Amino acid sequence: MKKITVLISSVVLAFGVYSCDQPQSNNTDSANNDTIASERNLGNPADVKTDSGPFQLPELKYGYADLDKSIDAETMEVHYSKHFLGYANNLNKAVAGTELEGKTIEEIMKGMDMNNTALRNNGGGYYNHDLYFATMSPDGGGQPSGELSEAINTAFGSFDELKNQLAEAGGKRFGSGWAWLVVDNNGNLAVGSTANQDNPLMPGLEISGTPILGIDVWEHAYYLRYQNKRPDYIDAFFNVIDWNLVAEKYAQAKAE
Ligand SMILES: [Fe+2]
């Protein structure tokens, strides 16, 4: 009996070694196959649909792989089609049959009952990710111009100092959360951070105002490529910021 067991083990081991050896005999083909399989599995962001309800996922203006200089395609796919979708679906469930069904997401944020955990987490998750995905672009990076640039210089002294403050806000946020650039209640730019899926529209937080840029510092936003190096992710994020859109949001917030 012992001999039979040893024989079977040897056959299994030999087959295992043989199988493991095969991809190594042609690494290029293997890498190509992995890429093809990965691309096939990622799907199309346009196919991602929410369950019924007033809050839908916004269309992405780029593909999952288009921000690869800063964020890998798999992270983008999971972030958009799983995390963002989950917040949207759960927000729709939270507002179903309530007076909130007819309100905008901004109205819901400003009137948030901070003891309503489901609405706070999922409403915040929906609002925050809507802004996050909108303010990235394959053509992003560089520096803003015009009125936003002037306002940054007035508030922070320079663009580099704004960048430093955003990186510090995101880097120091313990656990999960967001770093924000907001137009505060006096119309000035300010930087801060919030925990979990809170945001500066919600009442009673350490930073208050209208967000025009949010950096997601949850691990799901960066862990596949950056692991524990959150500062590297934040640094790379600056290369995909769509400053034209941030400038539009700045103008809208100032006009409110
Ligand atoms: Fe996220």
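1. Starting with L91: once you skip its neighbours within four places in sequence, L91 is in contact with F55, N122, G123 and Y126. Keep in mind that this is a predicted model.

2. L91 also turns up in the largest nonpolar core, which has 51 residues. There, L91 is among the residues that touch the most other members, together with A88, L166, A179, L181 and I215. Where does the largest share of this core come from? Helix α3 (residues 73-95) supplies it, with seven residues. Both domains take part: domain 1 (37-62 + 70-134) and domain 2 (146-255) each give the core at least three residues.

3. Now the helix pair. Two packed helices are described by the angle between their axes and the distance between the axes. For α3 and helix α5 (residues 117-134), the packing angle is about 135° and the axes are 8 Å apart. An angle over 145 degrees would count as roughly antiparallel, so α3 and α5 are classed as oblique to each other. The crossing of α3 past α5 is left-handed. On the α3 side, the contact is made by Y80, F84, Y87, A88, N90, L91 and A94. The α5 side brings A118, L119, N122, G123, G125, Y126, H129 and F133.

4. You'll find N196 in the loop between β2 (189-195) and β3 (210-216). N196 is partly exposed because 16 other C-beta atoms lie within 10 Å, and the buried class needs 20 or more.

5. Is Q227 buried or exposed? Exposed, because Q227 has 11 C-beta neighbours inside 10 Å and the exposed class covers 12 or fewer.

6. Last, S193, which sits in strand β2. S193 has 24 other C-beta atoms within 10 Å, so it counts as buried. What does S193 touch, leaving out residues up to four places away in sequence? A169, G170, R173, G177, W178, A179 and W180. For a spacing check, S193 and G214 are 21 residues apart along the chain, and their C-alpha atoms are separated by 9.0 Å.

Conventions:
Residues numbered from 1 in each chain as written. Predicted model: local features only at pLDDT ≥ 70, side-chain atom pairs only at ≥ 80, totals over all residues. Core = buried A, V, L, I, M, F, W, Y, C linked by C-beta atoms within 7 Å. Helix = DSSP H or I, 4+ residues; strand = E, 2+ residues; numbered from the N terminus. Domains from an automatic or database assignment. Contact = placed C-beta atoms within 7 Å. Axes fitted to C-alpha atoms, helices over the stretch in contact; angles between N-to-C directions. Parallel < 35°, antiparallel > 145°, perpendicular 65-115°, else oblique. Left-handed = near helix turned anticlockwise from the far one by under 90°.
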